[in-house]
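Here are some notes for a colleague who is opening this entry for the first time. Please read them with the sequence and the model side by side.

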Amino acid sequence: MSTSIDLPVLTPKDFASDQEVRWCPRCGDYSILAQVKKVLPTLGIPKENFVFVSGIGCSSRFPYYMNTYGMHSIHGRAPAIATGLKVVRPDLQVWVITGDGDALSIGGNHFMHMIRRNVNLKVILFNNQIYGLTKGQYSPTSPQGKRTKSTPYGSVDAPLTPVSVALGARASFVARSVDVDIQHLCMVLERAAHHKGTAVVEVYQDCNVFNSGAFEFASKKGEKEENCIYLEHGKPLIFGKERDKGVRLNSQNQPEIVELGKGISEDDLLFHDEKADDPTLAFLLSQMRYPDSPEPMGVFRAIDRPTYDDEVNDQVREVSEKLGPASLEEMFNSGDTWTVA
Amino acid sequence: MSAVDAETNGNFRTTEQVDAVVIRFCGDSGDGMQLVGTQFTNVSAVFGNDVSTLPDFPAEIRAPAGTLGGVSGYQLCFSSSDIYTPGDEVDTLVAMNPAALKTNLADLKRGGTLIVNADAFGKSDLSKAGYESNPLDDEDALAGYRVHKIDMTRLTRDAVADLGLSLKEADRCKNFFALGLVYWLYDRDPSTTQEWVKTKFAKRPELVKANLAALKAGSDIGYSTQAFTVHYKVPPAKLPPGKYRKITGNEAVAFGLVTAAHVSGKELFYAGYPITPASDILHELSKLKNFGVRTAQVEDEIAAITATVGASFGGAFAVTASSGPGIALKSEGIGLGVITELPMVIVNVQRGGPSTGLPTKTEQADLLMSMFGRNGECPMPIVSCSTPGDAFDAAREAMRLAVEFMTPVFLLSDGYVANGAEPWKVPNISDLKPIDFKHTREPNGKDGQYLPYLRNDRLVRPWAVPGTPGLEHRVGGLEKWDVTGNVSYDADNHQHMIETRAKKVAGIADHIPEQPLEGPESGELLVVSWGGTYGSIRTAVQRAQRAGHSVSLAHIRYLSPFPRNLGDLLKRFDKVLVPELNCGQLRLLLRAKYLVDAQGLNKMKGKPFLVSEVYDAILQHLGKA
Ligand SMILES: Cc1ncc(C[n+]2csc(CCOP(=O)(O)OP(=O)(O)O)c2C)c(N)n1
Ligand code: SF4
Ligand SMILES: [Mg+2]
């Protein structure tokens, strides 16, 4: 993506469409929309080169509220649509907007394959652990036992951890943040925007109608510091209001919470390496889930890996150079021909 | 087979000139029958015969060897005059094992030539095919045929004996032995095949030698065996002058799509998921990268259609292809294409259904799915392919309608057209017209606004693509306000939009050719057909016309909308007969739309019509049977 000098200076307002935003009052989606509008003008990309592609769900209404190119598509398919678009138009910055049901239930297949191909797409997964638009059924990320309209006696399904799923599919970039943690979310979105390859950002999003308060542990001041570990590349994993706790690997190579001092220093802790080739540590971190343990937030992994759209287009270029300019004449006459006089 | 000219050749052999010959090679799936059938087709095409082919293979890659289920066949007709079908009856049957003999003998015509590999008729071979005794010993059963029992396995082993091949490798050459023999019998020049062998096995010189030796040994047997008393010549056909090549339907679809994009200054995007019999379209297109073709083998057919939608939104000429089961998966995505009014082509290479059905066999049972198989009122144009070569033009037409009318278009092919081959006259590049389209660059609204659903006089909306400053807009699957494209739940607008989308597609009738008639403008019987049945139906109609019957043919390429004169044509005949490889799907549409008492001839056997089946039905409907 090139920055041209005479680009008009854009502001968040430039990215607002003329459509009335129709989420429920106090829905977490508002905050995510606001942060995206803040981040886009900082990227030096002309407005017309952004495309937002979404599936179906409350969150997937997002493109209508952005004054960019966009497509509100069908349930679960945004990654595939965006893949087709990005392959033919590598010049565009394409964002995928999806929900926990959209990405991990009906669209699980596309989600996985987008990630393994490493299509250069920015993905925001609005995880409210519920089906919002269909009015409150449990989702593949709802905790076991969750009582919802479709699980009046509690769900018996084992949930997925989106970050683990992404890592398992060989994600080159995975991060997690929370809707109302404005600074952190902006930081993570900016990092995703600059990443080359599929950048998956899971955002804990409050659905205050059907799953209110599900992420208070990670959003409430005073609590989140105890419950979350904010990942920083190259830094030890320290958390707690007093920054007095940390994570280290025990003899079974499992993460274990320790108190600093009392013979344990920062050097004994696990140091976060988002660029590690081996995703094992990132995966271990992704498996640390509240309330069983404090939960890591931020960028789990950010590595360089060739992107699908580049590879497809490079191959087209290479083969074209090798075979020479396209000629219909040559194509028609491939194989055996004969002439009738 | 008519003996036009006979001359003696040496002291015991005559050469007969014949007009057309039907050969079928059959054997176990592992016997290489598709390969020799293709080689015979190539050699005959290059010689200048008209050819028509019918490959027929099992769905299993290797069913248990020697069993009835594992038999693979390749039938072809080559001729010195125009032909449209691979033939009803077989003149020469090559059977490589008992199972092949058992499943194919009934199609060999009385007096026809039967060539069998006698070495493959051992006890266990016989029992695998369910024979209790050796059919080659049953003189009564074989009485009406010219039978040649040849020890192909032994003779092939002898021919390659010095080349150091394993027994297994040596035995795999026996298809070339059989081919050599049939080349001799029909006076074919083997050089095209010899060249092919040299390129194909370039890395294994011993296999080049072996296959060439087997080919020659087969031919030598023909020459030296007293039993082959006749040797046939089929002179070249008098096709219109020009340069020709052999083409299959799948190749022609791929060529047509690439051509449509290329002459219009566009690059093609193709997304697909492998499925028989459509995969070869993906294979062909993925070779053509120097045309800028981007092919994506994606995770499923849903991804294929939706990636196609995405690419079309980005401004590409976008295509996906599949067969029945995959098309069923695409329904929701196609609906998205219809409501967003984006251009794309969806190719359906039909096969036997429902469900997995008969993957390798042909059928025409997806017409109603193409018309109606989506949720909501979801009209789409449908174009069909009549022959392998015709698929080139049909594919270009499908792309033209998609782009000119901003709509997904179905292109219907079938297993018979897709895998069948025929001579194809290489088109003149200057005859290939670009598709008329543009990407909107300027706002079309009053105050510099872009109105994505502001339509032209054909009700077609503009195609502005991302990256165009000032035309930022959103499309999607929710109902749109006409003109602005904003989401709308308004009752009247919804009715208006449904009617508008339908009108737009119906209006295409003014931009496609009128339905041509083959035969008199009116009369007793009109035969109406579509798709890959063209060859046999046309041949049957012509035969009936030559016999003095009052019958004409309307073979329809444009199934939605129908050509504007079709209703009028139907009225000019006393009776209408609609032969189809389904339970009567076109017939249902004709009856519904034109209130015509159309009758059907319906075959659902995974096989094309025989000419005789259609001919008999014509006579029956004329009251002449
Ligand atoms: C094919 C299909 N099946 C079902 C639906 C109904 N549906 C719409 S949104 C949705 C779930 C949305 O949940 P999620 O993706 O978590 O998004 P949220 O509304 O929570 O943001 C469902 C089941 C649909 N639109 N399409
Ligand atoms: S239902 Fe929940 S997720 Fe949907 S808009 Fe309302 S608060 Fe937001
Ligand atoms: Mg949700």
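Which residue stands opposite B:Val578 in β23(B)? The reply is in point 2.

1. Basis. This is a predicted model, in which local features need pLDDT of at least 70 and side-chain atom pairs count only at pLDDT 80 or more, while totals for chains, interfaces and linings use all residues. Residues are numbered from 1 along each chain as its sequence is written, chains are lettered from A and ligands numbered from 1 in the order in which they are written, and side-chain values use heavy atoms, with hydrogens and water left out.

2. Strand β22 of chain B. B:Val578 stands opposite B:Gly600 in β23(B). β22(B) (residues 573-580) has six of its eight residues buried, so it is largely enclosed by the rest of the structure; buried means under 20% relative accessible area, exposed over 50%, and partly exposed in between (1.4 Å probe, protein chains only). Helices (H or I, at least four residues) and strands (E, at least two) are DSSP runs, numbered from the N terminus.

3. Its partners. Strand β19 (residues 523-530) of chain B pairs with β22(B) in the parallel sense over four bridges, and B:Leu526 has B:Val576 as its bridge partner. β23 (residues 599-602) of chain B is also joined to β22(B) by four parallel bridges. Strands pair if DSSP finds at least two bridges between them.

4. Magnesium site. The magnesium ion (ligand 3) is coordinated by A:Asp100 (OD), A:Asn128 (OD1) and A:Ile130 (O), at 2.0 to 2.2 Å. Donors are N, O and S atoms within 2.8 Å of the metal (3.2 Å for Na, K and Ca); water is not among the atoms, so sites may look incomplete. A:Asp100 is buried, with a relative accessible area of 2%, and A:Ile130 is buried, also with a value of 2%.

5. Aromatic rings. Over all chains there are 28 aromatic pairs. Rings of Phe, Tyr and Trp (its six-membered ring) pair if their centres lie within 6.5 Å; planes under 30 degrees apart count as stacked, over 60 as edge-to-face and the rest as tilted. A:Trp23 and A:Tyr30 are edge-to-face, 5.6 Å centre to centre with 85 degrees between the planes. A:Trp23 is buried at 7% relative accessible area, whereas A:Tyr30 is partly exposed at 31%. A:Trp23 also pairs with A:Phe62, tilted, at 6.4 Å and 45 degrees.
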